[in-house]
Structures are given as C-alpha cells and as structure tokens.
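This report walks through a few parts of one structure, for a reader who has not seen it before. The sequence and the model come next.

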Amino acid sequence: MDSGEVPAHSSLVLPKPIPDLAAEEFHLFQALVLRESGIHLGAKNRAMLVSRLWKRLRALELNSFASYYRRVKADPQEMVLMLDCICTNETHFFREPAAFDCLRTRVFPEWAADADTGKRGKTLRVWSAACSTGEEAYSLAMALLTCFPPAAGWKIEVLGTDLSTKVLARASAGVWPVEKISGVPVEYQRNFLLKGFGPEKGKIKAVEELRQVVRFQRLNLTREPYTVTGPFDLIFCRNVLIYFQWETKIKVVDSLGKHLFPTGYLFLGHAESLHGVADKLQFVAPKVFPSLRSPMARGGALCILQRRDHTVRD
Ligand SMILES: C[S@@+](CC[C@H](N)C(=O)[O-])C[C@H]1O[C@@H](n2cnc3c(N)ncnc32)[C@H](O)[C@@H]1O
C-alpha cells in the first residue's frame with residue numbers, strides 16, 4: 001500500500017489532534033491557576049499548559065479546553081488533578097549542596113552546643129515546604145539522623161508538604177529510581193538507602209529508621225492558615241517561590257517566618273533571593289555566613305533568613 005490511505009478494515013486509530021487553546025481560554029486558566037496555587041503562568045507557558053492539560057482532556061474524553069475549564073470549575077477533585085499536572089516537580093537529593101554544607105558546618109554545631117549548655121532541648125523539628133517527591137525531606141532527615149542520633153537522646157521530626165497530591169504519594173512511599181542515588185553521599189547511601197532486587201531492581205528505598213522520622217501532608221503555601229505543627233528549627237522552601245509573583249513570594253516568606261522558632265533558620269533556593277522584602281526576617285547568609293559566600297560554595301549563593309526578634313550570631 002503506497003497511497004498513504006488507511007484501508008476501511010484497518011484497526012489503526014489515528015491520534016486525536018490537540019484542540020486549540022484560544023487566547024481567552026488561556027487567560028481563564030491563567031487566572032484559575034494563579035488563584036488556586038499562586039503559580040503565575042506567563043505567555044511563554046502557553047505551550048506547556050496545552051501539553052499538560054491535554055492529558056486530562058484525553059483521560060476525560062473531552063474535545064475542547066473550554067469544556068475542560070467548565071469541568072475543573074465544577075469538580076474539586078479534578079481541580080486537584082489539574083494542579084498535579086501544572087506543578088513542575090523536578091528535585092533531587094542534596095540539591096544545592098551549599099545549603100547542606102551550611103547545615104553541617106554552622107547550624108548543626110550551634111544546635112549541638114546549645115543542647116550541651118541546656119539552652120535548647122533535644123527535639124529538632126524541620127519542614128521541607130514544597131517537598132515534591134520527598135528527596136529534600138529525606139536528605140534533611142539523613143543529615144539530621146547522622147549528626148543527632150536518637151541513641152543520644154535526640155528526637156528528629158521532618159515534615160514534607162506540597163500542593164501536588166501525586167508527588168506526595170511518591171514521597172510517602174519513599175521509593176525512587178536508582179539513578180537518584182548519585183546525589184546521595186556514600187556514607188548516607190550505606191546507612192539509609194536499600195537497593196531493590198528482583199522485581200524491585202532499578203529502585204531505591206528509604207530504610208525504616210529514615211521513614212519513621214519523615215511524614216508528608218498536602219499544604220498550599222498560598223493559603224493561610226498553615227495547618228502544621230510548629231514552630232520549626234529549620235524550614236527549607238526552595239525552588240517554588242520562582243513560580244510566584246512578587247507579592248505572593250513576600251507573603252509566603254512572611255507566613256513561613258511565623259512558623260519558625262526565634263532561633264530557627266529559613267533556607268530559600270539560591271535563585272530566590274528576596275533582599276529587603278521580608279519585614280520580620282533578616283538575612284544571615286550570605287551576610288553573616290561569609291565563608292559560604294565564596295565561589296567555592298557548591299551550588300551557588302545561599303539565601304538564609306532568621307527572625308528579626310533573634311539576635312544574629314557571628
Ligand atoms: C521544583 S519543585 C521543588 C522541590 C524541592 N523543594 C527542591 O528544591 O528540590 C517545586 C514544588 O513546589 C510545589 N508547589 C507549587 N505551588 C505550590 C503551592 N502553592 N504550595 C505548595 N507547593 C507548591 C510543586 O508541586 C513542586 O513539587
């Protein structure tokens with residue numbers, strides 16, 4: 001057959017063409033996504049929106065974005081699924097290693113010294129806000145369990161939260177493709193991760209000791225009040241503020257500050273510098289931890305804040 005025609009008896013099904021997303025429809029989704037998640041979709045995100053929502057249209061057998069919009073507005077469960085599609089979930093273990101270097105060299109020794117002198121207790125409460133598939137939360141847990149072993153009386157609690165239910169399910173499972181292991185220091189690989197074999201080949205899994213200290217819940221950073229059990233010694237909120245508009249970033253940073261202990265630290269991603277914007281927070285890095293500002297600091301400049309009602313240590 002060289003005519004290019006499909007014979008009448010063929011079982012071949014041609015793929016459906018992706019429907020057009022009209023400018024007004026794009027604006028409707030843009031406003032909806034902004035309202036529901038704080039995520040700002042610029043004009044350059046239009047193609048991304050089409051390809052991600054197209055999956056939902058196909059699953060629901062809808063043939064226009066207008067009908068999908070009506071569906072999402074009427075169905076809270078579909079709203080959750082739409083936000084799952086919109087969110088960009090890229091993450092890895094020990095991402096931006098300078099942050100973990102800073103914990104190891106500055107923050108953890110401070111906590112240990114304060115516990116030794118009775119200035120603080122031995123419970124450490126840490127929050128990975130916008131944790132995606134959990135690598136950040138588990139990285140924090142590995143670092144904490146290593147420096148503050150439960151056998152020495154420490155109690156570690158790591159909370160991971162995200163807007164996307166799809167990633168939270170994966171985070172709770174504590175299972176990742178084996179390629180992810182390359183970001184994990186060898187000592188931690190040995191102590192905290194199991195390599196799958198047989199049907200589980202190609203996967204890694206967090207050991208029970210690690211899973212016991214980490215828990216996950218859905219939380220929208222743009223919706224207060226935050227239903228979390230704080231205050232926290234440490235909050236990581238990295239690589240999510242980039243999706244928000246300026247006022248939303250400020251609001252989220254201020255809200256997170258309310259959940260910090262006065263001595264606690266808020267770590268932002270290095271692309272998310274917000275100099276001079278948070279009323280109740282002040283920068284401790286790169287200002288006060290200058291050694292970590294050097295070009296040698298792996299992973300870029302650090303952006304760490306503390307509450308203003310705490311006197312910064314030198
Ligand atoms: C790129 S990942 C960052 C993961 C991790 N913090 C890191 O730095 O590797 C961004 C995450 O932010 C989440 N997110 C987006 N909007 C959010 C919101 N309004 N509230 C909570 N999480 C949100 C997404 O679902 C996604 O998992």
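## Helices α5 and α6

Helix α5 (residues 97-116) packs against helix α6 (residues 135-147) at an angle of about 35°, and their axes are 11 Å apart. Helices here are DSSP runs of H or I with at least four residues, strands are runs of E with at least two, and both are numbered from the N terminus. Axes are lines fitted to C-alpha atoms, for helices over the stretch in contact, and angles run from 0 to 180 degrees between N-to-C directions.

The crossing of α5 and α6 is right-handed (the near helix is turned clockwise from the far one by less than a right angle). On the α5 side the contact is made by F100, L103, R104 and F108, and on the α6 side by S139, A143 and C147. Two residues are in contact if their C-beta atoms, placed from the backbone, lie within 7 Å. By class, this contact has five nonpolar residues, one polar and one charged. Ala, Val, Leu, Ile, Met, Phe, Trp, Tyr, Cys and Pro count as nonpolar, Asp, Glu, Lys and Arg as charged, and the others, Gly among them, as polar.

## Basis of the model

This is a predicted model, in which local features need pLDDT of at least 70 and side-chain atom pairs count only at pLDDT 80 or more, while totals for chains, interfaces and linings use all residues. Residues are numbered from 1 along each chain as its sequence is written.

## The sheet

Three strands form an open antiparallel sheet in the order β3-β5-β4; strands pair if DSSP finds at least two bridges between them. The edge strands, β3 and β4, each pair on one side only.

Strand β3 (residues 175-177) is joined to β5 by three bridges, and W176 has I204 as its bridge partner in β5. Three bridges also join strand β4 (residues 193-195) to β5, where I204 is the bridge partner of K195.

## Helix α4

Which residues of helix α4 (residues 76-86) are buried? They are M82, L83 and I86, where buried means that 20 or more other C-beta atoms, placed from the backbone, lie within 10 Å of the residue's own. Seen down the axis of α4, these residues fall within an arc of 100°, so they line one face of the helix. The arc is that of the directions from the helix axis to the C-beta atoms. Their cover includes α1 (23-37), α2 (46-60) and α3 (65-74).

Methods. A residue is buried if 20 or more other C-beta atoms lie within 10 Å of its own, exposed if 12 or fewer, and partly exposed in between; C-beta atoms are placed from the backbone.
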